[in-house]
Amino acid sequence: MPVVRTPARDRAAEIDAAIDAVVTGAGPVVLANGSAARRIRFVTDTPPIDGWLPFGAAVGETAVDGDTLLVGLGAAAIEHARRAGLAAGALLRGGDIGVEAPPGRPDLLAPLIDGLVTGYPGAESVTLRLPEPDLADAEQGRLAADVARLAAG
């Protein structure tokens, strides 16, 4: 089996891109007001879904229900929110995606968005759509993810 070498990383270009993302908000994941047909719903209970496997809403557990990706939050502790966001972020694909946090838990929004942005492995543009009142908290999560990415570069 031949050895496949990955091209050398251009760290200077990665740092410049991270700086641009932090300064301009123009990274691959952006936030916007509104909703979308595809959704990520973070849940603490086990909604009835048809599927091959049971869904218990454990932290980071995922299941698909039509156009909705259900992501478990467990007991909905702030410490678990980023972990659940990371699991969902790894499954993101380009385009518009609505984000639904548990009602009455604005404290979870920033770590959820931080996890989604940090966990996204792609370069294709993703727009996370949220209700207008949630955008300020969500922006804090996006900024945290971009700063961490910049620091890691």
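**Strand pairing and burial in a predicted model**

Strand 5 (residues 95-100) pairs with strand 6 in the parallel sense over 4 bridges; two strands count as paired if DSSP finds at least two bridges between them. The model is predicted, so local features need pLDDT of at least 70 and side-chain atom pairs count only at pLDDT 80 or more, while totals for chains, interfaces and linings use all residues. Residues are numbered from 1 along each chain as its sequence is written, and side-chain values use heavy atoms, with hydrogens and water left out.

- Helices (H or I, at least four residues) and strands (E, at least two) are DSSP runs, numbered from the N terminus.
- Strand 6 (residues 126-130) is largely enclosed by the rest of the structure, because 4 of its 5 residues are buried (buried: under 20% relative accessible area, with a 1.4 Å probe and protein chains only).
- Strand 5, helix 3 (residues 109-119) and strand 6 form a right-handed β-α-β unit; right-handed means that, with the strands pointing away from the viewer, the path from the first strand over the helix to the second runs clockwise.

**Nonpolar cores**

- A nonpolar core is a set of buried Ala, Val, Leu, Ile, Met, Phe, Trp, Tyr and Cys residues joined through side-chain atoms within 4.5 Å.
- The largest core has 27 residues, of which I40, F42, L73, I113, L116, L128 and L130 touch the most other members.
- Elements that each supply at least two residues of this core include strand 2 (39-43), strand 4 (68-72), helix 2 (78-89) and helix 4 (135-152).
- Helix 3 gives the largest share of this core, 5 residues.
- A second, separate core of 5 residues includes V43, A57, A63 and L70.

**Helix 3**

- Helix 3 is mostly covered, with 9 of its 11 residues buried; among them are D114, G115 and V117.
- The cover over these buried residues includes strand 1, strand 2, helix 2, strand 5, strand 6 and helix 4, where contact means heavy atoms within 4.5 Å.
- Leaving aside residues up to four places away in sequence, L116 touches I40, F42, G85, L86, A88, G89, L92, V99 and L128.

**R142 in helix 4**

- R142 lies in helix 4 and is buried, with a relative accessible area of 6%.

How values were computed
Buried < 20%, exposed > 50% of the residue type's maximum accessible area, 1.4 Å probe, protein only.
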